[in-house]
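This report describes the fold and selected local features of one protein chain. The sequence and structure are shown first, and the description follows.

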Amino acid sequence: SIFHANLKQYGDWTAIESGLTAGGVPDSNFCIAGAEGWVEYKLARHWRVTVRTEQVGWAERRLRHGGRVFLAVWRAERELWLLTGWAARAAKVDGLNAVPKRTLIGVWEGEKEDWPWARVAKSLSTHKFLVVPK
């Protein structure tokens, strides 16, 4: 994946293949600077993001228990959107352009090689999550 290739210098990454054993588990687990978390990768055509109900449930349960869950969305082939897992429900229902601003960590444009990978790694390891009630 794009993340593994560009972020392996900042921490440890494991691709998760859990399809039949645990519904909704994100695509990758990471540990960067002592912070462990999860990233679900999505591709957006225009503003539509396909997020399964199980993925929303898994992210919200983990976040409620203090876990770190992120959505990384590759949009329009030239943008990386990094969001907290609290954005999953809004992205599923109304699309990427409807996610609450408080769930947006960053948006970077340009070629994948030029995205600020050190900044992305720092965001993954240091972002402070707010509990977002239903």
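Where is the place of alanine 76? In this predicted model, alanine 76 is placed in the loop between strand 4 and strand 5.

**The loop between strand 4 and strand 5**

The backbone of this loop deserves a remark. Most residues other than glycine have a negative phi. Alanine 76, however, has a positive phi of about 55° although it is not a glycine. Glutamate 77, found in the loop between strand 4 and strand 5, is a further residue other than glycine with a positive phi, in this case near 60°. With a relative accessible area of 43%, alanine 76 is partly exposed. Glutamate 77 has a relative accessible area of 54% and is exposed, because the cut-off for that class is over 50%.

Six strands make up an open sheet of mixed pairing, and their order is 1-2-3-4-5-6. Its edges are strand 1 (12-15) and strand 6 (104-109), each of which pairs on one side only. From one strand to the next, the twist averages 20°. Strand 5 (residues 79-84) and strand 6 run antiparallel and are joined by five bridges. Within strand 6, glutamate 109 is the residue that stands opposite glutamate 79.

Helix 4 (residues 117-126) lies across strand 1, strand 2 (28-32), strand 3 (35-44), strand 4 (69-75), strand 5 and strand 6. Relative to strand 5, helix 4 runs at about 10°. Serine 125 is found in helix 4 and is buried, with a relative accessible area of 16%. Not counting residues up to four places away in sequence, serine 125 touches Ile32, Ala33, Ala35 and Arg68.

Helix 2 (residues 53-64) has 12 residues. From its first C-alpha to its last, helix 2 reaches 17 Å, close to the 16 Å expected at 1.5 Å a residue. Gln55, Val56, Trp58, Ala59, Glu60 and Leu63 are the buried residues of helix 2. These buried residues pack against strand 3, strand 4 and helix 3 (88-94). Just after helix 2 comes glycine 66, which takes a positive phi of about 90°.

**Valine 49**

The loop between strand 3 and helix 2 contains valine 49. Is valine 49 buried or exposed? Its relative accessible area is 1%, so valine 49 is buried. Leaving aside residues up to four places away in sequence, valine 49 touches Lys42, Ala44, Val73, Ala91, Lys92 and Leu96. Valine 49 and aspartate 94 are 45 residues apart in sequence, and their C-alpha atoms are 8.7 Å apart in space.

**Aromatic pairs**

A pair of aromatic rings is described by the distance of the centres and the angle of the planes. The count for this model comes to nine aromatic pairs, and two of the pairs are set out in the table.

| Ring pair | Centre to centre | Angle between planes | Class |
|---|---|---|---|
| Tryptophan 13 and phenylalanine 30 | 5.3 Å | 35° | tilted |
| Phenylalanine 30 and phenylalanine 70 | 6.1 Å | 45° | tilted |

Tryptophan 13 lies in strand 1 and phenylalanine 30 in strand 2, so their pair ties together parts that are 17 residues apart in sequence.

Why do tryptophan 13, phenylalanine 30 and phenylalanine 70 count as buried? A residue is classed as buried under 20% relative accessible area. Tryptophan 13 is therefore buried, with a relative accessible area of 11%. Phenylalanine 30 counts as buried because its relative accessibility is 0%, and phenylalanine 70 counts as buried at 0% relative accessibility.

Ring pairs link Phe3, Trp13, Phe30, Tyr41, Phe70, Trp115, Trp117 and Phe129 into a cluster.

Tryptophan 47 has arginine 75 over the face of its ring, at 3.8 Å from the ring centre.

Definitions and conventions. Residues numbered from 1 in each chain as written. Predicted model: local features only at pLDDT ≥ 70, side-chain atom pairs only at ≥ 80, totals over all residues. Heavy atoms only, no water. Pairing = 2+ DSSP bridges. Helix = DSSP H or I, 4+ residues; strand = E, 2+ residues; numbered from the N terminus. Axes fitted to C-alpha atoms, helices over the stretch in contact; angles between N-to-C directions. Contact = heavy atoms within 4.5 Å. Expected span 1.5 Å × (residues − 1). Buried < 20%, exposed > 50% of the residue type's maximum accessible area, 1.4 Å probe, protein only. Phe/Tyr/Trp six-rings, centres within 6.5 Å; stacked < 30°, edge-to-face > 60°. Lys NZ or Arg CZ within 6 Å of the ring centre and 35° of its normal.
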